[in-house]
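Here is a brief report on one structure.

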Amino acid sequence: MDQDIIKCALCGLAVEIEGFNAQTNEGLKRFCCAGCLSVYRLLNGDEIIEEEQ
Ligand SMILES: [Zn+2]
């Protein structure tokens, strides 16, 4: 069965734990951890529409 592997939008590692998401101008971004999400927010904060917990 094919399973889509979700990759972290920042570091490219497979996202094994869901829940670190941010809705951006480019669509929903998923992150592998809170660290990647916060770094992305620092770098691209103006693209983030809302964060999902
Ligand atoms: Zn990551």
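## Terms and model

Two residues count as in contact when their C-beta atoms, placed from the backbone, lie within 7 Å. The model is predicted.

## The strand pair

Strand E1 spans residues 21-24, and strand E2 spans residues 27-30. The two pair in the antiparallel sense, over four bridges. Glutamine 23 has its bridge partner in E2: leucine 28. A hairpin of two residues joins E1 to E2.

## The helix and its faces

Cys36, Leu37 and Tyr40 are buried in H1. Viewed down the axis of H1, the buried residues fall within an arc of 100°, so they line one face of the helix. An α-helix has 3.6 residues a turn, so residues three or four places apart point the same way.

The cover over the buried residues of H1 includes E1 and E2. On the other side of H1, Ala34, Gly35 and Leu42 are exposed.

## Leucine 43

Leucine 43 lies in helix H1, which runs over residues 34-44. Is leucine 43 buried or exposed? Leucine 43 has 10 C-beta neighbours inside 10 Å. A residue is exposed if that count is 12 or fewer. Leucine 43 therefore counts as exposed.

How far apart are leucine 43 and asparagine 25 in space? They are 14 Å apart, C-alpha to C-alpha. In sequence, leucine 43 and asparagine 25 are 18 residues apart.

Technical notes. Residues are numbered from 1 along each chain as its sequence is written. This is a predicted model: local features need pLDDT of at least 70, side-chain atom pairs count only at pLDDT 80 or more; totals for chains, interfaces and linings use all residues. A residue is buried if 20 or more other C-beta atoms lie within 10 Å of its own, exposed if 12 or fewer, and partly exposed in between; C-beta atoms are placed from the backbone. Two strands pair if DSSP finds at least two bridges between them. The arc is that of the directions from the helix axis to the C-beta atoms.
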